[in-house]
Amino acid sequence: MAQRNPFNPTLADGIRRYGFRKWYERELLSSHAHMALALLASVALIASFEAFQGGTWEEKLLDTGFVLACAAIALWALRRYLYLLLHAEEMANQASCGQCKAYGLLLVPDDAHSDARRLVPVCCKRCGFRWDMQDD
C-alpha cells in the first residue's frame with residue numbers, strides 16, 4: 001500500500017471521523033487534485049521542451065533538468081491519482097449492507113481492530129449488520 005497522506009485518513013479513521021460518504025468524497029477530491037497536478041506538470045513538460053530551441057549549453061542543461069523534474073512530477077501525480085481513485089471505488093463497492101441494502105451508512109465499532117489482512121470491521125447504521133471491508 002502506498003504511504004498515506006495526512007489529509008487522507010485511513011478507511012477506519014475516516015469512517016469514525018467523517019462517515020463513509022464524506023470519506024469517499026474526500027478521497028475523490030484528493031485524487032482529482034492529483035489529476036490536476038499531473039495535467040499542469042504535463043503542460044510544464046511541453047513548455048520545457050519548447051525552451052530547448054536556441055540558447056547556450058548551460059541553458060539546455062537547465063532545460064533538461066526542468067524536463068526531468070516535470071516528467072517525474074507528472075508520473076507521480078498520475079500514479080497517485082489512479083491509486084486514490086481506484087481505492088475509493090473499491091471501498092464504495094463494499095459499502096452496501098448485505099442485509100438491508102443501505103449504501104454508505106456505516107459505523108466502525110469501538111471494539112473493532114483491523115487485522116494483518118487489512119480487514120476493517122463495519123456495521124450498518126440502519127440494521128446493525130456487521131461485515132468486514134477489505135482495505136488494500
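Ala88 is buried in the predicted model, with a relative accessibility of 0%; buried means under 20% relative accessible area, exposed over 50%, and partly exposed in between, with a 1.4 Å probe and protein chains only. The position of Ala88 is in helix 3, where helices are DSSP runs of H or I with at least four residues, strands are runs of E with at least two, and both are numbered from the N terminus. Contacts of Ala88 are formed with Trp23, Tyr24, Glu27 and Leu28, residues up to four places away in sequence not being counted; contact means heavy atoms within 4.5 Å.

Residues are numbered from 1 along each chain as its sequence is written, and side-chain values use heavy atoms, with hydrogens and water left out. The model is predicted, so that local features need pLDDT of at least 70 and side-chain atom pairs count only at pLDDT 80 or more, while totals for chains, interfaces and linings use all residues.The largest nonpolar core has 22 residues, and those with the most contacts inside it are Leu11, Phe20, Leu106, Val122 and Met133. A nonpolar core is a set of buried Ala, Val, Leu, Ile, Met, Phe, Trp, Tyr and Cys residues joined through side-chain atoms within 4.5 Å. At least two residues of this core come from each of helix 1 (11–17), helix 2 (20–50), helix 3 (57–92), strand 2 and strand 3. Helix 3 supplies the largest share, five residues. Leu11 is in contact with Phe20, Trp23, Met91, Val120, Met133 and Asp135, leaving aside residues up to four places away in sequence.

An open sheet is formed by three strands in the order 1-2-3, with antiparallel pairing. Strand 1 (106–107) and strand 3 (130–134) are at the edges with a single partner strand each, so one side of each has no neighbour in the sheet. Two strands pair if DSSP finds at least two bridges between them. Strand 1 and strand 2 (residues 119–124) are joined by two bridges. In these, Leu106 stands opposite Cys124, and Leu107 has Cys123 as its bridge partner. Strand 2 and strand 3 are antiparallel and are joined by five bridges. Cys123 is paired with Arg130 of strand 3, and Val122 with Trp131. These two strands form a hairpin with five residues between them, and Gly128 in the turn has a positive phi of about 85 degrees.

The strands can also be described by their cover. Six of the six residues of strand 2 are buried. Leu119, Pro121 and Cys123 point one way from this strand, whereas Val120, Val122 and Cys124 point the other way. In strand 3, Trp131 and Met133 make up a covered face, while Arg130, Asp132 and Gln134 make up an uncovered one.

A positive phi, near 65 degrees, is also found at Lys101, a residue other than glycine. Most residues other than glycine have a negative phi. Lys101 is placed in the loop between helix 3 and strand 1 and is exposed, with a relative accessible area of 60%.

On the surface, Leu37, Ile73 and Trp76 form a nonpolar patch with about 290 Å² of accessible area together. Patches are made of residues with over 30% relative accessible area and no salt bridge; like charges are joined within 9 Å, and nonpolar side chains (Val, Leu, Ile, Met, Phe, Trp, Tyr) within 5 Å. Accessible areas come from the Shrake-Rupley method with a 1.4 Å probe, and for residues only the protein chains shown count as cover. Ile73 belongs to helix 3 and is partly exposed, at 40% relative accessibility.

The structure holds one salt bridge, defined as a side-chain nitrogen of Lys or Arg within 4 Å of a carboxyl oxygen of Asp or Glu. The salt bridge joins Asp13 and Arg16, whose closest N and O atoms are 3.8 Å apart. Asp13 and Arg16 are three residues apart in helix 1 and therefore separated by about one helical turn. Asp13 is partly exposed, at 32% relative accessibility, and Arg16 is partly exposed at 43%.
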